Amino acid sequence: MSQDNIKFAYWVPNVSGGLVVSKIEQRTSWDIDYNRKLAQIAEKAGFEYALSQIRFTAGYGAENQHESVTISHALLAATEKLKVIAAILPGPWSPVLAAKQLATIDQFTNGRVAVNIVSGWFKGEFRAIGEPWLDHDERYRRSEEFIQALKGIWTQDNFSFHGDFYRFHDYTLKPKPLQQPHPEIFQGGSSRAARDMASRVSDWYFTNGNTVEGIKAQVDDIRAKAAINGHSVKVGVNAFVIARETEAEARAVLQEIIAKADPEAVNGFGSEAKNAGASSPEGEGNWAKSTFEDLVQYNDGFKTNLIGTPKQIAERIVALKAVGVDLVLSGFLHFQEEVEYFGRKVLPLVRELEREAVATKAVA
Ligand SMILES: Cc1cc2nc3c(=O)[nH]c(=O)nc-3n(C[C@H](O)[C@H](O)[C@H](O)COP(=O)(O)O)c2cc1C
């Protein structure tokens with residue numbers, strides 16, 4: 001198990017409707033005041049990262065969406081330590097615009113911005129905004145060039161690049177980002193193409209919620225491939241956290257979320273999500289095997305099973321760490337209250353278990 005403490009990120013609720021496609025009461029708002037306060041609560045609670053989402057049109061009930069780079073900057077301006085990961089979609093963004101925007105934000109925020117390159121799954125969204133829709137693996141080929149271009153622009157003067165999607169000729173970005181060698185590059189997706197890309201160019205691999213075995217299989221595959229490529233990549237896993245004083249209470253909340261799910265929105269999302277992993281040559285990846293219940297949390301966050309008492313959740317987090325997970329990306333029903341509760345009740349137990357694991361290893 002890694003000696004480093006496992007890290008925590010939370011999903012920025014910058015789209016309306018919260019993180020579950022359900023009519024259950026959610027004391028979570030997508031507005032900027034709510035999000036600023038949440039970011040402050042999160043950094044105090046021990047969260048190191050916040051991840052914004054990028055959506056251009058409504059899907060699964062998320063009727064309103066604030067843009068990811070803009071809200072990331074606003075949250076960085078409202079905090080002191082938190083790193084905010086801005087989601088960026090190749091297609092709508094070009095690498096030169098992304099590199100310039102993020103370098104400026106990095107300068108303004110004392111080096112705290114990061115980026116999540118997402119390859120796209122929502123064909124209806126691309127059609128709506130007039131973006132050509134590429135096949136699954138072509139989307140990843142474009143994302144990989146995007147990342148190579150970002151790194152080149154951020155780290156080199158007179159950068160030249162001749163790809164199938166992007167070209168640069170003696171381009172020098174000034175000023176460069178503050179972070180050296182460059183802001184951290186995350187990516188989202190679980191297909192073979194996603195894992196191959198992570199093993200070559202990304203700093204972090206983000207995947208949907210899954211069982212410990214399902215996560216282990218991905219970690220083993222990525223780390224084996226990365227070793228061959230002489231690259232190292234960290235792994236973050238999504239989880240929808242329901243921490244309550246008793247397991248029965250936590251389970252009851254999950255049941256209520258699912259019972260009050262919006263079937264039309266969930267099924268609409270499920271059918272669009274077939275353009276993700278299921279459309280890859282292997283037919284594997286995010287949502288390829290998701291049930292109706294899984295899809296109610298739109299990144300399969302119930303599957304990770306961080307649902308129960310603080311102790312149960314802490315033990316499961318440490319089990320994830322034992323198979324190579326470096327970060328837990330968490331969503332909540334009532335974000336402000338539950339992020340604070342997580343920091344107070346769950347996180348100290350995780351740190352205790354981590355210390356015990358190190359001590360046991362030292363004795364052995
Ligand atoms: C943690 C995480 C965050 C993501 N955020 C976004 C996002 O903000 N916008 C988006 O369009 N897709 C997002 N995605 C979707 C991925 O980019 C990708 O299209 C999807 O996971 C399917 O990938 P796969 O076919 O490789 O499994 C995210 C995925 C993950 C795992």
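These exercises work through helices, loops, voids and backbone geometry in a predicted model.

Residues are numbered from 1 along each chain as its sequence is written. Local features need pLDDT of at least 70, side-chain atom pairs count only at pLDDT 80 or more, totals for chains, interfaces and linings use all residues, and side-chain values use heavy atoms, without hydrogens and water.

**Exercise 1. Helix H2**

Task: Find which residues of H2 are buried and what they pack against.

Solution: 
- Start with the terms. Helices (H or I, at least four residues) and strands (E, at least two) are DSSP runs, numbered from the N terminus. Buried means under 20% relative accessible area, exposed over 50%, and partly exposed in between, with a 1.4 Å probe and protein chains only.
- List the buried residues of H2: Ser68, Val69, Ile71, Ser72, Leu75 and Leu76.
- Check their directions. They cover an arc of only 165 degrees around the axis, so they sit on the same side of H2. The arc is taken from the directions from the helix axis to the C-beta atoms.
- Look at the other side of H2. Thr70 and Ala77 are exposed there.
- Name the partners. The buried residues of H2 pack against strands S1 (7–11), S3 (83–88) and S4 (113–118), and against helices H1 (32–45) and H3 (95–108). Contact means heavy atoms within 4.5 Å.
- Inspect the start of H2. A side-chain oxygen of glutamate 67 comes within 2.7 Å of the backbone nitrogen of valine 69. A polar contact is a pair of N or O atoms within 3.5 Å; within protein, one must be able to donate a hydrogen and the other to accept it, and residues adjacent in sequence count only if both atoms are side-chain atoms.

**Exercise 2. Serine 52**

Solution: 
- Trace its side chain. The side chain of serine 52 reaches the backbone nitrogen of alanine 87 at 3.2 Å.
- Collect contacts beyond four places in sequence. Serine 52 is in contact with Val12, Asn14, Ser68, Ile71, Ser72, Ile85, Ala86 and Ala87.

**Exercise 3. Cavity and pocket**

Solution: 
- Find the main contributor. H5 gives the most to the lining of the largest cavity, with 3 residues.
- Sort by class. The lining of the largest cavity has 15 nonpolar, 16 polar and 3 charged residues. Ala, Val, Leu, Ile, Met, Phe, Trp, Tyr, Cys and Pro count as nonpolar, Asp, Glu, Lys and Arg as charged, and the others, Gly among them, as polar.
- The lining of the largest pocket divides into 3 nonpolar, 9 polar and 6 charged residues.

**Exercise 4. Backbone geometry**

Task: Locate two cis peptide bonds and a positive phi.

Solution: 
- Take lysine 174 and proline 175. A cis peptide bond joins them, with omega about -5 degrees. Proline 175 is in the loop between strand S6 (167–171) and strand S7 (185–188).
- Take glutamine 180 and proline 181. Their peptide bond is cis, with omega near 0 degrees. Proline 181 lies in the loop between S6 and S7.
- Take aspartate 170. Its phi is near 50 degrees, a positive value in a residue other than glycine. Aspartate 170 is in strand S6, and at 54% relative accessibility it counts as exposed.
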